[in-house]
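Visitor: I am new to reading protein structures. Could you walk me through this one, feature by feature?
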Amino acid sequence: MKLQVNPIRCVAHGMCAELLPEAIRLDEWGYPILHSGEVSPTVVEHARRAAAACPTLALLLKADAG
Amino acid sequence: MATTAVDLLPRLLLGVGERDMVALAEHHEVHGPPPDLRGWRPEQLVDEIAAAGLRGHGGAAFPVATKMRAVAQRRGSAIVVANGSEGEPASKKDRVLLRELPHLVLDGVAVAARAVGAKEAIIALEGDDDRSVRSLELALSERRRARLPGDPRIELFFVAPRYLAGQETALVNAINGGSGLPTFAPPRPFERGVRRRPTLVQNVETLAHVALVARYGADWFRELGTDRDPGSALVTLSGAVAAPGVYEIEHGMPLADLLELAELEDELAAVLIGGYFGTWVAAPDVPDVRLSGESLAQAGATLGAGVIVALGASACPVAETSRIAGWFADQGAGQCGPCVNGLDAIAYTVAQVAGGTGSRTAGDDLNRWLTELPGRGACQHPDGAVRFISSSLRTFATEFRDHARHGQCDRCRQPPTLPVPVPPAAPRGWR
């Protein structure tokens, strides 16, 4: 599984870093920085929840590289 | 495929004279009559272009045949977009082609259309470039009168003279009646582009090369250049040279030879390769660099869209960098937070350092932003900006340290070697 941010949609609510600190931190303006696109199997469930919780649906969790 | 007498340089610029444009009759005198494309199966054309090893000349150097195959394999009738909106302030080569050699570009459009099965094509160019518009309109009417077989239906599309206007997804978005800003891919233009159809976007110089490959063949094309970068390229040379302008070079030409041809006017400090989003080569390294992908990669550079700028020792690299950093921030689409904030902060901090008023953390701040920003925009604008600024900080570390301590230098007031256009007065709505 891979995480991706749609940077046009993202307006820095910051929920993702709150819900998924294992994979996401925020820059000084509150926009997400992904540690690495890959999501380890242990946190996939959290990643799914974080993606669903994003108010602008800017966080994407995808099965493949695309 | 018949090979005629055209074999060495110039290739593209052959026949360019004092007059404004090479008319259809002259064009056919130079290159012979156009090949009848109906005699070619589309796959044959793509295979020939693949064999030629032609890569795109708009900046990314992507293999042309690969892009054509991706479009040709999609369902639905394809469309070709010739991208002539070269928003880079220091680039002139696409303008030269459109103004002087519109028929060569249009021949390439016809070949590309045949190769991907398109019956329609769009030429995108900057709307304020009257001479290019006139040349193309004249060329199109000549072709209609001559009833050239194989020409697709061609429309002109005028874009705003702005760097991002030529970005592939931004261009497709504009043609579709949208904002003209980059979009978040997928879908990519080859999947669903103009009018939701598979769309082949190629730079106008690339299409001019395509026209010649269809006429003279892949083997002829490979008689110049290197294995990875066969053929020739147009470069726009400016800066501290006596003869700035558009040159056609063989890929692999030593950078020093090009500078010698144009005659340096100042002691050389560094050469910018690949335009404002490119990389500096410091003067001591110039003798090792050849203008091919392989050699430039060793210097951490690419030829990009062919912009080369010689920076003289009497110019101030810190002032130049600061001006360009401001331009980067100004030219963003304003859509993605990391790019808006990052480029703004970088431009502000570089300006402070240049004036000697930077904070103690300025260096660390810059390094952090330059590391965090790449890959976090919808398009490559922030990535290119970071490449240039990082290269400047590395190449001119001494000068930056000097400015951080002492502020402006005597050379800061020199007229810019890297000019930036005066920001357009109003159209805020465009952001």
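Visitor: What share of the 431 residues in chain B is buried?

Guide: Keep in mind that this is a predicted model. A residue counts as buried if 20 or more other C-beta atoms lie within 10 Å of its own. In chain B, buried residues make up 54% of the 431 residues.

Visitor: Can you show me one such residue? Is B:Ile346 buried or exposed?

Guide: B:Ile346 has 23 C-beta neighbours inside 10 Å, so it counts as buried. You will find B:Ile346 in helix α13 of chain B, which covers residues 337–354.

Visitor: Which residues is B:Ile346 in contact with, leaving aside its neighbours within four places in sequence?

Guide: Contact here is judged by C-beta atoms lying within 7 Å. By that test, B:Ile346 touches B:Ala325, B:Leu366, B:Trp369 and B:Ile389. For another view, take B:Val116, 230 residues from B:Ile346 along the chain: the two C-alpha atoms are separated by 43 Å.

Visitor: What does the radius of gyration say about chain B?

Guide: The idea is to compare the chain with a compact globule. For 431 residues such a globule would have a radius of gyration near 22 Å, and chain B agrees, with 22 Å. The C-alpha trace of chain B spans about 70 × 45 × 35 Å along its principal axes. Its secondary structure comes to 16 helices and 9 strands.

Visitor: Now for a pair of helices. At what angle do α2 and α3 of chain B pack?

Guide: Angles over 145 degrees count as roughly antiparallel. Helix α2 (residues 42–52) and helix α3 (residues 64–72) of chain B pack at about 155°, their axes 8 Å apart. The two helices, α2(B) and α3(B), are therefore roughly antiparallel to each other. Their crossing is left-handed.

Visitor: Which residues of α2(B) and α3(B) meet?

Guide: From α2(B) come B:Pro42, B:Val46, B:Ile49 and B:Ala50, and from α3(B) come B:Val64, B:Ala65, B:Met68, B:Arg69 and B:Ala72. By class, this contact has 8 nonpolar, no polar and 1 charged residues.

Visitor: And how many residues of chain A are in contact with chain B?

Guide: 11 residues of chain A are in contact with 11 residues of chain B. The chain A side of that contact divides into 8 nonpolar, 2 polar and 1 charged residues.

Note on methods. Residues numbered from 1 in each chain as written. Chains lettered and ligands numbered in written order. Predicted model: local features only at pLDDT ≥ 70, side-chain atom pairs only at ≥ 80, totals over all residues. Axes fitted to C-alpha atoms, helices over the stretch in contact; angles between N-to-C directions. Helix = DSSP H or I, 4+ residues; strand = E, 2+ residues; numbered from the N terminus. Parallel < 35°, antiparallel > 145°, perpendicular 65-115°, else oblique. Left-handed = near helix turned anticlockwise from the far one by under 90°. Contact = placed C-beta atoms within 7 Å. Nonpolar A, V, L, I, M, F, W, Y, C, P; charged D, E, K, R; others polar. Rg over C-alpha atoms; globule rule 2.2 N^0.38 Å. Buried ≥ 20, exposed ≤ 12 C-beta atoms within 10 Å, placed from the backbone.
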